[in-house]
Amino acid sequence: GNHEFDAKDIGLFNMLNKINNSKNEFKILSSNMIFNNENSKLKKFHTLYTGTNHNKLLTDIYVKTITNGNNDLKVGFIGILGPNGAKVSTANRSDIIFIGHNDKKVKDEFEKLYEHLQEKVDILKNKYKTEVIILTMHAGTPEDEMIAKNVKGIDVIIAGHTHDLYTTPKLIKDTIISQVKCYGNYLGTLSLNFKDKKVKLRSGKSYIEINDSISTNKEYDKKIDSYKKFINLKVKKYGYQYDSP
């Protein structure tokens, strides 16, 4: 997302380094990212997906096989920063540019993004034989609908950035689009069927509201309490506590 660059390239490097050192088993996808600086420290974390020996944190696409009983379903994932997100983060990045926005001209280039995404979709379908393709994007209204209309083969788009709540998922051509606001207020959920080589929505509601009716996790409560105590030590001399207005 654009806020990953708020602390500039060095801030992103420190963030990725902490994640890398924690040995978390997940990937960060940035399919439309290009290195503007071949000597960037950020290249340490990046590699293009090859399907084997994939041990880098940051990549362009990813394939996961989901097993249900005796059935395997190959799902391909793409992840992008949309043109608007690229535009609002331009001043904070120097090593990385994003297909879909021309930083020098301060101009969106959607046709280039559509072409690039179609290439990624085709690679997932033809080379890796994925049956379902999901696009996760730090981009929202109207960029999600524009991509759904102009790129063939994307089954699901998980959008963001514009902080909209789609109370029911949008359906553009054959693409299901979901976005559930911001700041952890909602948990997005999609109940899907895969039948006759197509993804269908099983139910209309696509979110759970996060409120006090949901019990907290004791492990995380302890962790949060430790952060509060640390903050209290730091702000005590100013006459404040963590919970001070």
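In what sense do strand 14 and strand 15 pair, and over how many bridges? In this predicted model, where local features need pLDDT of at least 70, side-chain atom pairs count only at pLDDT 80 or more, and totals for chains, interfaces and linings use all residues, residues are numbered from 1 along each chain as its sequence is written. Side-chain values use heavy atoms, with hydrogens and water left out.

Strand 14 (residues 192-195) runs antiparallel to strand 15 (residues 198-201), with four bridges between them; pairing takes at least two DSSP bridges, and strands are DSSP runs of E, at least two residues, just as helices are runs of H or I, at least four, all numbered from the N terminus. Lys195 has Lys198 of strand 15 as its bridge partner. The two strands make a hairpin with two residues between them, and Asp196 in that turn shows a positive phi of about 55°.

Val132, in strand 9 (residues 132-138), has 5% relative accessibility and so counts as buried (under 20% relative accessible area, 1.4 Å probe, protein chains only). Leaving aside residues up to four places away in sequence, Val132 touches Leu73, Lys74, Val75, Gly76, Asp155, Phe194 and Val199, contact meaning heavy atoms within 4.5 Å.

On the helical side, the axes of helix 3 (residues 110-127) and helix 4 (residues 143-150) come within 10 Å and cross at roughly 55°; axes are lines fitted to C-alpha atoms over the stretch in contact, with angles from 0 to 180 degrees between N-to-C directions. The contact involves Phe110, Leu113, Tyr114, Leu117 and Gln118 of helix 3, and Glu143, Met146, Ile147 and Asn150 of helix 4.

Definitions and conventions: Buried < 20%, exposed > 50% of the residue type's maximum accessible area, 1.4 Å probe, protein only.
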